[in-house]
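Q: I have a sequence and a 3D model to look at. Please show me how to read them, one feature at a time.

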Amino acid sequence: TGFNVAVVGATGAVGREMLDILEERDFPVRTLRAMASKRSAGKTVEFRGKEVVIEDLEEASFEGVDFGLFSAGGSVSKKHAPRAVDAGVVVIDNTSAFRMDPDVPLVVPEVNPEAIVDGPGIIANPNCSTIQMVVALKPLHDAAGLERIIVSTYQSASGAGQKGIDELMASVKARVEGTDEPEAQKFAHPLAFEALPHIDVFFDSGFTREELKMVNETRKIMTLPELEVAATCVRVPSVRSHSESVTVDLDGELSVEKARELWEAAPGVKVYDDPANNVYPLARLAEKTDDTWVGRIRQDLDRPQTLHFWVVSDNLRKGAALNAVQIAEELVRRRSET
Ligand code: A2P
């Protein structure tokens, strides 16, 4: 019994997290296949106490695989996800390759589980910054209607994968030790002791691709094509977890007390908000947790229909691997009901 699961990009920051989460949540895995580039082929990863030999994706067959969790980059997904689908696989793709394709569901299970379609095909996992924001926005929308979102992010190095973490560490070490700082590669400038208002490429509008992902993906997931969203995405030297300052204009008035109640009842959300005692969400607190942490909840001083809050979540977990596994769990649940 169980399902045959392939993790594509199994050696990466997100791929390793996928293996951990499948194991932790006791996902019904019959066989686990680990795939990565030729560089890793023949090496092993651990799953349920056993060594799994990594296969070269280029050579690997998807015959018999039920779920393919892809996190090896957009170009890799573009090339290999279609052939996995042809072999009958449900691909849950963590890259941006298919997210805005109108035929591909873009899913956060707490927000739009109804968009999940079973059967061979691609289901896209949204961008990490978008996922935690929509998890927090969903209950507010249901209660009072969203009009406009203004968000500024404080995103961790791990959003750029293991190489991003390594580059941050090397740059911090060099700065602390007073040695030559390595040249920035994953980031536009060295990230140590810095806040970089630049993630991914700039467009003519002045916004970056990361910022537009937050706009377009939020509209698609929430089925609010007209929703006004303005994002400023910033890379900061935290290792894991993205933090976001969110300002939301609502159609109706919503008190802080009511918002807190809504969030306390919302799936996946943890209210952590007692500023007088230095209690508010922090990157290191959210690290390795499954929750979307919400705090610093305030009503705007001038506009009663506007709320401000701070939201933090582990970008490798809810922002990536966990969300993907939850989508697979929803399919397993549906199949067990039929
Ligand atoms: P590999 O370790 O063999 O390079 P991260 O986001 O942490 O950088 O991880 C990227 C993941 O994607 C790794 O598992 C990496 O494998 C994998 N990957 C990168 N390029 C390819 C490729 N061309 N084919 C298959 N897997 C790839």
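**Reading the model step by step**

A: Start with one residue. Arg48 counts as exposed, because 11 C-beta neighbours lie inside 10 Å. The general idea is a count: 20 or more other C-beta atoms within 10 Å of a residue's own means buried, 12 or fewer means exposed, and in between means partly exposed, with C-beta atoms placed from the backbone. Keep in mind that this is a predicted model: local features need pLDDT of at least 70, side-chain atom pairs count only at pLDDT 80 or more, and totals for chains, interfaces and linings use all residues. Residues are numbered from 1 along each chain as its sequence is written.

Q: Where is Arg48 placed?
A: Arg48 is in the loop between S3 and S4. Helices (H or I, at least four residues) and strands (E, at least two) are DSSP runs, numbered from the N terminus.

Q: What is the phi of Arg48?
A: Most residues other than glycine have a negative phi. Arg48 is not a glycine, yet its phi is positive, about 50°. Lys288 also has a positive phi, about 70°, and is not a glycine. Lys288 sits in the loop between helix H7 (283–286) and strand S12 (292–299). Lys288 is partly exposed, with 13 other C-beta atoms within 10 Å.

Q: In what order do the 7 strands of the open sheet come?
A: Two strands pair if DSSP finds at least two bridges between them. Here the order is S3-S4-S2-S1-S5-S6-S7, and the pairing is mixed. Strand S3 (44–47) and strand S7 (121–124) each have a single partner strand, so one side of each lacks a neighbour in the sheet. On average, neighbouring strands of this sheet are turned by 30° against each other, direction ignored.

Q: How many bridges join S3 to strand S4?
A: There are 4 bridges, and S3 and S4 (residues 50–56) run antiparallel. Glu46 stands opposite Glu51 in S4.

Q: Which strands does helix H1 lie across?
A: Directions come first: axes are lines fitted to C-alpha atoms, for helices over the stretch in contact, and angles run from 0 to 180 degrees between N-to-C directions. Contact has a cut-off too: the C-beta atoms of two residues, placed from the backbone, lie within 7 Å. Helix H1 (residues 13–24) lies across strand S1 (3–8), strand S2 (29–36), S3 and strand S5 (67–70), at about 155° to S1. Helix H2 (residues 74–86) packs on the sheet as well, touching S1, S5, strand S6 (90–93) and S7.

Q: Is Ile149 buried or exposed?
A: Ile149 is buried, with 21 other C-beta atoms within 10 Å. Ile149 belongs to strand S8 (residues 146–155). The C-alpha atoms of Ile149 and Val248 are separated by 4.7 Å, though these residues are 99 apart along the chain.

Q: Which domains does the assignment give?
A: Domain bounds come from an automatic or database domain assignment. In this protein that gives domain 1 (3–125 + 320–337) and domain 2 (130–315). Their centres, taken over C-alpha atoms, are separated by 25 Å. In contact are 13 residues of domain 1 and 18 residues of domain 2.

Q: How many residues surround the ligand?
A: A residue is near a molecule if its C-beta atom, placed from the backbone, lies within 6 Å of it. There are 18 residues around the ligand, and the closest are Gly12, Ser37, Ser40, Ala72 and Gly161. Domain 1 and domain 2 each give at least three residues to this shell.
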